[in-house]
Amino acid sequence: LYVAALDDANMALRDTGADHLALRLVALRAMVGMGLYEDAMHQADALLEESTMAAIEGKVWNGVVAAEDGRLAVPEPSLAPNDRAALLAIVGHCAFALEDYALALDAFTASLGYVRQVNVLYMQGLTYARLERYEESEAALQEFHDSVADVPHTYWADMGIVKGKLDKFDEGLALLNRSLSVIPYDVRTREEAGYQAMKACDNGEAKAHFMGAAHLYGELLPYVDEPEQAPSEGQRRAMLQEHAKVDKAIGMSVYMNRTDYDFEALSTPLSFTSIEGALPSQAGVMLSWRPPYIGFRRERTAELFGRVLANFQPHTSEFDKESYQAGVGVQVKPFRSANVLASLEQLFAIGDNAEDNWLFRARGSHDWGEDVRAGDLMILQATVFGEAGAFLAEPSRTYVYLSGKAGPSWGLSQALRVTLPEVVALSRSESEDDAHERSYSQVGIGLAVGLKGREKGHTSQQWLCRGYAHYVYGWFMDTPDALDNNAFEGVVFGVSIVR
């Protein structure tokens, strides 16, 4: 239709032999509809410039002319206000499509200065939103709403997004849901509704929208062009992950770390106490529960947890029964955008070498390369982790632990990835009441294997299993009395399962 309209307009211009502005406007609008934004914008600019130049009599200097009384004045353009407003609106539409939002806003605002057209007012509101000027966007879109009898369905979604940017989530959700009642298959609007519901702490509605968006991405996937299939699949999985994040109530983690260091045979009186700063071979299990409403609020979490752990006997796979230790506590994630956890835990002795104490911990991590997309054979991944803790009762002590790992991760299947080689480094320091500080560091290289659970029902990942094996070289800050030197080396391996 746009091609036909452009052909008809050009034919009429040739037949008449005159430059009719009405036909030029028809041709320009057709070009915009066909996506010829740069050509249409240049032609509209030329018409605006011609009209201004045609109105100038006398000497021109930077667009300003000398009036008869000698003062400087800007000439009035020869175009009628309606025509000038229409050309400026075309420039605005083209600039908006070309993502030059500053120019688009100037053009729409200038157009509205001549004629208050509601469609231009709507575009001005959208442009304000692109420029993150949300209060002005809200005002423009509201004026549009008040100026028309029949509001288009796109308004509800656009205004809903703006309301969300202003943290008016109740109003935004109402508008987004109204839009979805008309077009329930609008996946972008449903995705936005999920995030706004999550920010409004309405986790039930957030789950429904995230699941709906995931289903829509899945249904649309066979009809998407091949270059867009990987991003669409990524969005589908992202929606499932958001659903799982909001839906999580019960968590579990199991871990086991083993070493073959010579100092493993050195005695350690308590389960949580290190051997000259280095942790012994150990295993444990932790269960957590996230209570409703307060457990997940705008990416901040609060959980109750309980755990049991024990040390291994030196150079064996048997647990030291005297080291069994239990603990219960609460942990919170206070920040939305940072993966930082703080916990307070009551420790209970089970074995004779366990302890009754209070443990405060603060820990955080940051990952690079964790966003694995469909079809990625190899990506570089890195993680840094830090933890600081304090045992508050006797025997009181504090510790600091820092570690990092990095390497190329190879995708053997959608669920299985191998990081080879993986480079690791860590350092740990522990101080006791007597101000005696014990610390050690180590570096190593090896491999890690990650296995994700299959997609099941309402989530993209039920559990994650990670195993590793490294050969490391380490050293104590001070040589322990029972050892000949402060250096050590050996194999470290372990496995963890997290749900």
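## Close-up views of a predicted model

View 1. Val495 is partly exposed, its relative accessible area being 32%. The residue is found in strand β16. The structure shown is a predicted model. On the surface, Val495 belongs to a nonpolar patch that also takes in Met252, Val254, Val285, Leu287, Val308, Ile350, Leu451, Trp463 and Ile497. Together these residues have about 750 Å² of accessible area. Two or more patch residues come from each of β4, β5 (282–289) and β16.

View 2. Strand β4 (residues 250–259) and strand β16 (residues 487–498) run antiparallel and are joined by seven bridges. Within this pair, Val254 stands opposite Ile497 of β16. Both Val254 and Ile497 are members of the nonpolar patch. Strand β15 (residues 464–476) also pairs with β16 in the antiparallel sense, over 12 bridges. Here the residue opposite Val495 of β16 is Gly467. In a regular strand, side chains alternate between the two faces of the sheet.

**View 3. The largest nonpolar core.** This core has 43 residues, and the members that touch the most others are Leu28, Leu87, Ile90 and Tyr155. Two or more residues each are supplied by α2 (21–33), α3 (37–54), α4 (81–97), α5 (101–114), α6 (118–130), α7 (134–147) and α8 (153–165). Helix α4 gives the most, with nine residues. In soluble globular proteins, nonpolar side chains tend to be buried together.

**View 4. Surroundings of Tyr155.** Leaving aside residues up to four places away in sequence, Tyr155 touches Tyr122, Leu141, Gln142, Phe144, His145 and Gly160. Tyr155 is also one of the residues that touch the most other members of the largest core.

View 5. A separate core of 18 residues includes Leu176, Leu180, Met211 and Phe296.

**View 6. Salt bridge between Arg116 and Glu143.** The two side chains meet at 3.1 Å, N to O. Arg116 lies in the loop between α5 and α6, whereas Glu143 is in helix α7, so the bridge ties together parts 27 residues apart in sequence. Glu143 is partly exposed, with a relative accessible area of 30%. In the whole structure, 17 salt bridges are found.

**View 7. A salt-bridge network around Lys163 and Glu171.** Glu138, Lys163, Lys168 and Glu171 are linked in a network of salt bridges. One of its pairs is Glu171 with Lys163, whose side chains meet at 2.9 Å, N to O. Side chains of opposite charge can pair when their charged atoms come close.

**View 8. Salt bridge between Glu355 and Arg397.** The closest N and O atoms of Glu355 and Arg397 are 2.6 Å apart. Glu355 lies in the loop between β9 (340–349) and β10 (357–368), and Arg397 in strand β12 (residues 397–411), so the pair ties together parts that are 42 residues apart in sequence. Glu355 and Arg397 are both buried.

Definitions and conventions
Residues are numbered from 1 along each chain as its sequence is written. This is a predicted model: local features need pLDDT of at least 70, side-chain atom pairs count only at pLDDT 80 or more; totals for chains, interfaces and linings use all residues. Side-chain values use heavy atoms; hydrogens and water are left out. A nonpolar core is a set of buried Ala, Val, Leu, Ile, Met, Phe, Trp, Tyr and Cys residues joined through side-chain atoms within 4.5 Å. Buried means under 20% relative accessible area, exposed over 50%, partly exposed in between (1.4 Å probe, protein chains only). Helices (H or I, at least four residues) and strands (E, at least two) are DSSP runs, numbered from the N terminus. Contact means heavy atoms within 4.5 Å. A salt bridge is a side-chain nitrogen of Lys or Arg within 4 Å of a carboxyl oxygen of Asp or Glu. Two strands pair if DSSP finds at least two bridges between them. Patches are made of residues with over 30% relative accessible area and no salt bridge: like charges are joined within 9 Å, nonpolar side chains (Val, Leu, Ile, Met, Phe, Trp, Tyr) within 5 Å. Accessible areas come from the Shrake-Rupley method with a 1.4 Å probe; for residues, only the protein chains shown count as cover.
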